[in-house]
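Biologist: I would like a close look at one part of this model, the aromatic residues and what surrounds them. Please keep to what can be computed from the atoms.

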Amino acid sequence: VKEAVYSANHPEVLKWTKFFHDRTIQRDIFSAMSEIDPSPEKASVVSVQWHRFSEFMPAFLCQAAAMVTTNEKRHYVIQTAFEELGMRDVHEIHPDMFWAAAATAGASDADRMRMRGPGPVQSVLDDLWRSLVSFKSDSEVLGILLGLEIPAEENIEMIFTSLGYAEPVRTELAKTKFFALHRAIEIEHVRLTVSNFLRFSSNEEQRAQFVLGFDAGLDFWKRYWSAVSEAVACEVRSEVAHA
């Protein structure tokens, strides 16, 4: 994204990125997953459930773009949706790119069909959509987008360590286009969404609304990873029962 003002080293970008990162750390959104050791079962569940989230996000971002009230705001919101959809290459749609990487860790279409039914993860995604469409201000919409983006680098590493349950698998995963790309771009996504805060939330009321939306995004991550951890535990119990 072309940026003439809020570049990565702009003092206000640095200040507010730290503010939002500190607020994120307080939520400890990865606590449930961090307690689960790597295993093929964990890799399988995270593969399926991250793919479910990844497929969901382009529509969510397009809805957010439709909800904001100016084309200038819409311009910045739609950038991430365009990127998720492969930009100018239909063969680089990110959910598809992720699933190709997950296959390296043994993810299968059979697992995807078996685990994709109604349940806690789908409920969390449904609630996220309901949160978005309930918002009455542009600042809330922009805030939830930062809440979803702020732990982007940590999310990618959580996915990588979850899928990479053994060294040979980690080596192959690191070579995939999905992980090579996302380890490079996530910091820019955060900068973009922080710049939206600085550019469009200029008074105290707007900033309070932005933080309200931001916190809704963090609440989603806490619930999402908790639901995924429950799904991993169920998968492990199922494997033990059939052993």
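How many aromatic pairs does a search of the whole structure find?

Modeller: The model is predicted, and a search through the whole of it gives 27 aromatic pairs. One of them joins F60 and W129, whose rings are edge-to-face, with 6.2 Å from centre to centre and 70° between the planes. F60 belongs to helix α3 (residues 40-67) and W129 to helix α7 (residues 120-134), so this pair ties together parts 69 residues apart in sequence. The two partners can also be described by accessibility. F60 is buried, because its relative accessibility is 0%, while W129, with a relative accessible area of 29%, is partly exposed.

Other ring pairs build a cluster from F30, W50, F53, F220, W221, Y224 and W225. Two members of that cluster, Y224 and W225, are also the residues with the most contacts inside the largest nonpolar core, which has 70 residues. Helix α12 (residues 204-242) gives the most to this core, namely 12 residues. Setting aside neighbours within four places in sequence, Y224 touches Q49, W50, F53, V121 and V124.

From α5, H94, M97, F98 and A101 take part, and they meet K177, F178, F179, L181, H182 and I185 of α11. The residues of this contact comprise seven nonpolar, two polar and one charged.

Notes
Residues numbered from 1 in each chain as written. Predicted model: local features only at pLDDT ≥ 70, side-chain atom pairs only at ≥ 80, totals over all residues. Heavy atoms only, no water. Contact = heavy atoms within 4.5 Å. Helix = DSSP H or I, 4+ residues; strand = E, 2+ residues; numbered from the N terminus. Nonpolar A, V, L, I, M, F, W, Y, C, P; charged D, E, K, R; others polar. Core = buried A, V, L, I, M, F, W, Y, C linked by side-chain atoms within 4.5 Å. Buried < 20%, exposed > 50% of the residue type's maximum accessible area, 1.4 Å probe, protein only. Phe/Tyr/Trp six-rings, centres within 6.5 Å; stacked < 30°, edge-to-face > 60°.
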